[in-house]
Structure formats: structure tokens, C-alpha cells
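Subject: Handover of a structure for your review

Dear colleague,

Please find below the structure that I am handing over to you, followed by an account of what was found in it.

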Amino acid sequence: MKLHLIAAISALALSACDKGPNLAQVCDSHPLICQEFKEDNWCKKERTQTIFAGADLQDSPSDQYKYNLLIAYESYAECVSFASQIEHIKLKEKKTRRIDNYIKAKEKIEQLSQETASSEHPQLLYFHWTRYLNERSLEKFLRLEGSPELETPASQLNLATYYAKRDPDKTLDLLFHALELYQAGDVIDSEIFKSLTTIFTDKKEYKQAYIWLKIMRLYDPEDTDLTEKSLKNYQEAFQLDSDFLDQVADTTLDKIKAGQFHSPNLKG
């Protein structure tokens, strides 16, 4: 099952377009952060995320902001790694610039990873488990289950990721609880919808699987993982009443977006 840690990236993306300072203002007050990577036409969004995350950390040092910056560096490194492989016949220096930026990003990740290796922050504990297979970090993270520290959608998704291959029913409960924790106006991690679809398909509960597929389609129609045609194919393959299930999906998504979702009782 594919369960990704994306919530932090979504939050970072929002930081660049909320009511706070714009990029020019941040660069004016944090010039060294804006000069960290050589400017390039590629990966602008990812580079901007590192700038906002770096400025947040500099202004208010905290483990949460360190985690946000780590995720921003990772996102940028992944993007620029792909961009650096593109050959430019006349502009070879662009490839060199991207390679330099990639190396710098990896160095920053390593540096910040070492700095946070002993952190007790839940997201950093999970980071060090997933990236470095740090068993001690995993043990600490799992001990926090049921505590207020893990009562966030991101942490519930992290727990679901851990239990995905170990306990599908518990994974289902954790994913539903993650949706319960969203407040009105929050950006929802659509990976939850994909994961719910996977679980219900594995359980051969195709009506439920279709509902979450439809919710995913409604919430993020630009997601290339699911097209209207593939949704139609799923409905036809299992001979589902799409009119009724579409209504259920629409109502359910409205509740999630309004912060009024409650986990369904599927065990009765």
C-alpha cells in the first residue's frame, strides 16, 4: 500500500500564498536564505518552499519548523535531481547549476538530519525512522500512540503508514480518525482517500472503495492518478449504482471539508 507523508508539503505550499509576507519581502529580510540555491527556471515552487520554511525557522526556531524545512529540502532535491538530468545543447551551465543545487540540498538534509537526530518531536521521530531506519525513533513514536501529541491528521497518517501491512483494520481506523481531525478550511491530504480505496478494494468492499475514489476525484480533479474514465471503468467492472454512491461521496466530502466528519461504523 502506498501511504505518503505529504501533509507537511501541503502546509508549506500554503505558506507561500497566505496573508503573510510575499517572497520579495521574505528575501528582503532573509537575503542569505534566498541565496542558498542558485536561481533557476526549474523547481521554482520547491525552491520557494525552502525559502519560506527557512525563514520560519530562523524567525522562530522549533522542531516543527526544522521538520518543515527538511521536507522542503527533500521536495526541492527530488525536483532538481530530475531537472539536472535534462541536457541543454547550448546551455550546459544550467545542468551544472542544477547539479550544484542538488548537492547543496542533499548536504542541507544531512546537516539538519544530524541536528534533529535526538529530537522527541513526533514528525521528526517518524522522519528518522522512515529515512534512516532508526528503530529507537520508531519505538518512541509508537509509544506516543493515543497521546495528544499524535492527535493531528499528519501523525495519524504516519501511524496508518506503519500499520498498513501489519493491521489493515487498524489502518482503516487511523485513516478515518485522520479525517475526523481536519478543521474547516484545512487542506486535506488526498493520499488518505487513495489509501482508503486500496484497503476497501483489498477487502472486496467495492461500494466503499468506489465512494472514496469518487471523493478523491471530487476533491482533486487534477490528480493524474485518477481520471473520470478510470472511475467509470471501476463502476462498470463491479456493476455499482453510481448515482447513489456519488451522492454518498458528495455528502461525505462536504462533511470532511466542514470539519464535521465522523468515522463510520462498518463493523456492524
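A disulfide is taken here as a pair of cysteine sulfur atoms within 2.5 Å. Please note that this is a predicted model.

Disulfides

By that rule the count comes to 2 disulfides. Counting the bonded cysteines along the chain, they follow the pattern 1-2, 3-4.

One of them is formed by Cys27 and Cys34, with the sulfur atoms 2.0 Å apart. The torsion about the S-S bond of Cys27 and Cys34 is about -90°, so this disulfide is left-handed. Cys27 counts as partly exposed, at 23% relative accessibility, whereas Cys34 is buried, with a relative accessible area of 10%.

A disulfide also joins Cys43 to Cys79, with an S to S distance of 2.1 Å. The link of Cys43 and Cys79 is left-handed, with -95° about the S-S bond. This pair connects distant parts of the chain, 36 residues apart: Cys43 is in the loop between helix H3 (31-34) and helix H4 (44-59), and Cys79 is in helix H5 (residues 63-84). Cys43 counts as buried because its relative accessibility is 7%, and the limit for buried is under 20%.

Aromatic pairs

The count of aromatic pairs comes to 14. Among them is the pair of Phe37 and Tyr76, which is tilted, with 4.5 Å centre to centre and 35° between the planes. Phe37 lies in the loop between H3 and H4 and Tyr76 in helix H5, so that this pair, too, links distant parts of the chain, 39 residues apart.

How are the rings of Tyr206 and Phe238 placed, and what are the angle of their planes and the distance of their centres? The pair is stacked, because the centres are 3.7 Å apart and the planes are at 10°. Tyr206 lies in helix H12 (residues 206-219) and Phe238 in the loop between helix H13 (228-237) and H14, so the pair ties together parts that are 32 residues apart in sequence. Tyr206 counts as partly exposed, at 23% relative accessibility, and Phe238 also counts as partly exposed, at 31%.

Nonpolar cores

The largest nonpolar core has 41 residues, of which Leu179, Ile192, Phe193, Leu196 and Trp212 touch the most other members. At least two residues of this core come from each of helix H7 (122-132), helix H8 (135-143), H9, helix H10 (168-180), helix H11 (191-202), H12, H13 and H14. H12 gives the most, with 7 residues. Leaving out residues up to four places away in sequence, Leu196 touches Leu172, Leu175, Phe176, Leu179 and Trp212. A second, separate core has 20 residues, including Ala72, Tyr76, Cys79 and Ile109. Of these, Tyr76 is a partner in the tilted pair with Phe37, and Cys79 is joined by a disulfide to Cys43.

Helix H9 (residues 153-163) is mostly covered, with 10 of its 11 residues buried. Among the buried residues of H9 are Pro153, Leu157, Tyr162 and Tyr163. The charged end of Arg166 sits over the ring of Tyr162, 3.9 Å from the ring centre.

Ser242

Ser242 has its place in helix H14 (residues 242-257). Ser242 counts as buried, at 16% relative accessibility. Apart from neighbours within four places in sequence, Ser242 is in contact with Tyr210 and Gln235.

Backbone points to check

Most residues other than glycine have a negative phi. Which residues depart from this? Leu133, although not a glycine, has a positive phi of about 55°, and Lys204, likewise not a glycine, has a positive phi of about 65°. Leu133 lies in the loop between H7 and H8 and counts as exposed, at 58% relative accessibility. Lys204 lies in the loop between H11 and H12 and is exposed, with a relative accessible area of 59%.

With kind regards

Terms used: Residues are numbered from 1 along each chain as its sequence is written. This is a predicted model: local features need pLDDT of at least 70, side-chain atom pairs count only at pLDDT 80 or more; totals for chains, interfaces and linings use all residues. Side-chain values use heavy atoms; hydrogens and water are left out. Helices (H or I, at least four residues) and strands (E, at least two) are DSSP runs, numbered from the N terminus. Buried means under 20% relative accessible area, exposed over 50%, partly exposed in between (1.4 Å probe, protein chains only). Contact means heavy atoms within 4.5 Å. Rings of Phe, Tyr and Trp (its six-membered ring) pair if their centres lie within 6.5 Å; planes under 30 degrees apart count as stacked, over 60 as edge-to-face and the rest as tilted. A charge sits over a ring if NZ of Lys or CZ of Arg is within 6 Å of the ring centre and within 35 degrees of the ring normal. A nonpolar core is a set of buried Ala, Val, Leu, Ile, Met, Phe, Trp, Tyr and Cys residues joined through side-chain atoms within 4.5 Å.
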